[in-house]
Amino acid sequence: MELAEQLSTKRRRKRSHMEQNKPSIDRLSSLPDSVRRRILSFLPTKLSVRTSILARRWRYLWSYVPNLIFVNWENQEIINRVMLLNKSQSIHTFALYHNIECSAYQLETWVTFAITRRVRRLDLYFQSQFASLPRCLFTCKTLVCLRLENCGHIPTSGAVCLPRLEKLYLTYVLYEADESLQYLISGCPVLEELEIDSCGAIAHCKVSSPTIKRLVIDLRWGGNRLDINTPAVRYLEIHFTLLEHIKSGPLDSLVEAEIRLRNDDMEQHDYLYSRSVLEFIGRLCGVSKCLFLELAFSTKIVDSLVSCWTLRFRNLIELELKADYRVLSRMLENADNLEILIFTEFCDEIKGWTKPPQQVPKCLLSHLRIVKLFDIEDEKPVLEIIRYLLRNSKVLNRMEIAYGELVDYEEKLDMVQKISLFQRGSAACEVAFVAFRL
């Protein structure tokens, strides 16, 4: 038996040694050219070019890749040479992420090259300058997706015709005037997705389009007036600081929305201002799935909002709310089908909702299953609201309570003991205490 085992061991070692010394098979090079071009198309062009040294079959393969992605290329002549050597008849993606200055003539040369190759996606990002955009960009017949960052200027005159453009992303872009944005949008007849990050470049933002389905507008760092007319929009996201005016046309197709409105100007609490905000929120009443709503206003503005509140969110299933507790009370009273509630308090002066809803909201009696409360502190008005929700939510499965950032260990323990004794309207309800969440 020992001899047989020794012979078996020797054979295994020999076989292992032969396998180790067996020449490796280049399976990647054996793939068809079309497959290898597809693989290279996911790489930045600099890495794609480097594959030319792998083997003879790889030498010129990179020049047939339909994507040109230049990331921090310092030598502009090399970029020019790579473009000249590219043999692809059409360009799917042309992306230029540039961290050094280039002349307007040089940029126009690169963009013109992409346009003549029937480019479908164009990304331009300049880190060290606001690059001047060539006018030929605004009449490209093949563009489907355009992304501009640190570029300008968007014109108010001249030809704008982008008949196939479906996606447009504008980040820190300069505009000749506030009207430039709408002038650009009007030349995009099939636009479906629009994202704008203004950074103070536009004071009065106007967006009107019958085709846009996804709209994201971030005016946190500038701009104080917004008008939108996008009846086909299904997803709407707005970030607005120092809001002075906001207005919207019908949003009957809306499925999801994330709205962050901030203005703690103590002088701005007039009735007309509050009504304009309330009218805009009224446009969100048709949301059929999920609504994130942040209303960071001074107490006087909230007083005016709450006193005029008659809005009903009949279809709303999930609500994430960051606002005064009195706004929470109004939302619960007017969202009969609400199933998931996520709440973070934003309070200027008044804690709690001063008085509970006159009647138990319908959503608490028959629909509300999950409640998450964030930044909770050991204060009587807040604990009374938790008591109310636990007692009156008849089908609640889980309440999750996240302590406030400044709550110490003794306060946490005291909260747990108090809340654990609260009556629960649902026998299946589980209460969980978790760490602070931003």
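Reader: Which residues in α8 meet Arg326, Val327 and Arg330 in α9?
Author: This is a predicted model. Helix α8 covers residues 299-307, and helix α9 covers residues 325-333. On the α9 side, the contact takes in Arg326, Val327 and Arg330. Facing them in α8 are Thr299, Val302, Asp303 and Val306.

Reader: How do the residues of the contact of α8 with α9 divide into nonpolar, polar and charged?
Author: Helix α8 brings Thr299, Val302, Asp303 and Val306 to the contact, and α9 brings Arg326, Val327 and Arg330. Sorted by type, the residues of this contact come to 3 nonpolar, 1 polar and 3 charged.

Reader: Is α8 roughly parallel or roughly antiparallel to α9?
Author: The two axes are 10 Å apart. The packing angle is about 20 degrees. Angles under 35 degrees count as roughly parallel, so α8 is roughly parallel to α9.

Reader: Is the crossing of α8 and α9 left-handed or right-handed?
Author: The helices pack at an angle of about 20 degrees. Their crossing is left-handed.

Reader: Which residues does Ile386 touch, not counting residues up to four places away in sequence?
Author: Leave out residues up to four places away in sequence. Its contacts are then Leu373, Ile376, Met399, Ile401, Ile419 and Phe422.

Reader: Where is Arg118, and does it count as buried, partly exposed or exposed?
Author: Arg118 is not a glycine, yet its phi is positive, near 60 degrees. Most residues other than glycine have a negative phi. Arg118 sits in the loop between α5 (104-116) and β3 (121-126). Its relative accessibility is 45%, so Arg118 counts as partly exposed.

Reader: Which strand holds Asp375, and is Asp375 buried, partly exposed or exposed?
Author: Asp375 also has a positive phi, about 60 degrees, without being a glycine. Its place is in strand β18, residues 370-376. Buried means under 20% relative accessible area. Asp375 has 28% relative accessibility and therefore counts as partly exposed.

Reader: What percentage of the contacts with a separation of 6 or more comes from residues 24 or more positions apart?
Author: The chain has 12 helices and 20 strands. Of its 438 residues, 47% count as buried. Among contacts with a separation of 6 or more, the share from residues 24 or more positions apart is 55%.

Terms used: Residues are numbered from 1 along each chain as its sequence is written. This is a predicted model: local features need pLDDT of at least 70, side-chain atom pairs count only at pLDDT 80 or more; totals for chains, interfaces and linings use all residues. Side-chain values use heavy atoms; hydrogens and water are left out. Axes are lines fitted to C-alpha atoms, for helices over the stretch in contact, and angles run from 0 to 180 degrees between N-to-C directions. Helices (H or I, at least four residues) and strands (E, at least two) are DSSP runs, numbered from the N terminus. Angles under 35 degrees count as roughly parallel, over 145 as roughly antiparallel, 65 to 115 as roughly perpendicular and the rest as oblique. A crossing is left-handed if the near helix is turned anticlockwise from the far one by less than a right angle, and right-handed if clockwise. Contact means heavy atoms within 4.5 Å. Ala, Val, Leu, Ile, Met, Phe, Trp, Tyr, Cys and Pro count as nonpolar, Asp, Glu, Lys and Arg as charged, and the others, Gly among them, as polar. Buried means under 20% relative accessible area, exposed over 50%, partly exposed in between (1.4 Å probe, protein chains only).
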